[in-house]
Amino acid sequence: MSNEKDALSALIQIPKALIESVPVVGPLIGYVCEDYANRQLSKLEEFRVGEAAKYCIGKIESKIQNGFTPRDDDRFFASNENYRSSAEEIFEGVLTKCKLEHEQKKSNYISNLFVNVAFEKVSVAQANFLLKLVGTMTYRQLCLIKLFYQNKNNVLGLKTTETVMFFSENISILQEIFELTQLGLVQKLMAEADKTNATWRDAQLLLQNSFNAMFGWDEVIPGCMELTALGETAYKLLSLEEMSVLEIENLIKELK
């Protein structure tokens, strides 16, 4: 019984130690964590939630010290006895995703969503949608988003022709890229050869966009893939720029 109390107390105290240094955001983090501490959690889940909360409040404190001001629009942090604030809703969602996340490397990027939304005027609906998306993605897919962000105009020299022979590892990576297109995060640019052979109707469509619809992983051409506007937003709000370039080196080799 005492061990259980110690675990709950540890989770509650993580944000309380820093609440005074993060005005506006600190109290709601403390409230949500206290609520979480009263739930039935395994030791591993309690550790995951506690680490996510500690990471969020530490990073928010750092941003405030560096001159950033928490958003004050649309009553984002406001709450009363009748309704919860949007910030509480998103923070609870982040903790829930981190609690269930078996790929530990993803947790900080999931947590970054709340940190960034606390300062940037992103709609609550979009924040919740991105939270849903990141919960369905693998860590390697986050690496792929960073890779395609860095590969504008194919500066990394990824393969620009269709693959003839596929190996198991190739297929799994290409399938993950294809899934990113289905999530609306990545799109396939029309190859120059396809533009040359385009019909008049295709040419008219090219005036509106220059990407192709895809129907399977075997249609993925790495050098022709780029982030959509939603993909760019995900890259920014998850702070994937913090990911080490070492994390994508093997992917670059596989996709050349």
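At what angle do helix 7 (residues 139-150) and helix 8 (residues 168-182) pack? Keep that in mind as you start the tour. The model on your screen is predicted.

**Stop 1: helix 7 and helix 8**

Select residues 139-150 for helix 7, then residues 168-182 for helix 8. Two packed helices are described by the angle between their axes and the distance between the axes. Here the angle is about 75°, and the axes are 10 Å apart. Angles of 65 to 115 degrees count as roughly perpendicular, so helix 7 is roughly perpendicular to helix 8.

Now show the side chains. On helix 7, pick Arg140, Gln141, Leu144, Ile145 and Phe148. They meet Glu169, Ser172, Ile173, Glu176, Ile177, Glu179 and Leu180 on helix 8. Colour this contact by class: six residues are nonpolar, two are polar and four are charged.

**Stop 2: the loop between them**

Next, select Asn153, in the loop between helix 7 and helix 8. Is Asn153 buried or exposed? Its relative accessibility is 81%. Exposed means over 50%, so Asn153 counts as exposed.

Check the backbone too. Most residues other than glycine have a negative phi. Asn153 has a positive phi, near 60°. Then click on Asn154, which is found in the loop between helix 7 and helix 8. Its phi is positive as well, near 55°.

**Stop 3: helix 3 and helix 5**

Move to residues 43-65, helix 3, and residues 107-117, helix 5. Their axes are 9 Å apart, and the packing angle is about 45°. That value makes helix 3 oblique to helix 5. Which hand does the crossing of helix 3 and helix 5 have? Helix 3 passes helix 5 in a right-handed crossing.

Show the side chains again. From helix 3, take Ala52, Tyr55, Cys56, Lys59, Ile60 and Lys63. Their partners in helix 5 are Asn108, Ser111, Asn112, Phe114, Val115 and Asn116. Sorted by class, this contact has six nonpolar, four polar and two charged residues.

**Stop 4: Cys33**

Finish at Cys33, in helix 2 (residues 25-37). Its relative accessible area is 0%. Buried means under 20%, so Cys33 is buried.

How far apart are Cys33 and Phe91 in space, C-alpha to C-alpha? The distance is 9.4 Å. Along the sequence, Cys33 and Phe91 are 58 residues apart.

Key
Residues are numbered from 1 along each chain as its sequence is written. This is a predicted model: local features need pLDDT of at least 70, side-chain atom pairs count only at pLDDT 80 or more; totals for chains, interfaces and linings use all residues. Side-chain values use heavy atoms; hydrogens and water are left out. Axes are lines fitted to C-alpha atoms, for helices over the stretch in contact, and angles run from 0 to 180 degrees between N-to-C directions. Helices (H or I, at least four residues) and strands (E, at least two) are DSSP runs, numbered from the N terminus. Angles under 35 degrees count as roughly parallel, over 145 as roughly antiparallel, 65 to 115 as roughly perpendicular and the rest as oblique. A crossing is left-handed if the near helix is turned anticlockwise from the far one by less than a right angle, and right-handed if clockwise. Contact means heavy atoms within 4.5 Å. Ala, Val, Leu, Ile, Met, Phe, Trp, Tyr, Cys and Pro count as nonpolar, Asp, Glu, Lys and Arg as charged, and the others, Gly among them, as polar. Buried means under 20% relative accessible area, exposed over 50%, partly exposed in between (1.4 Å probe, protein chains only).
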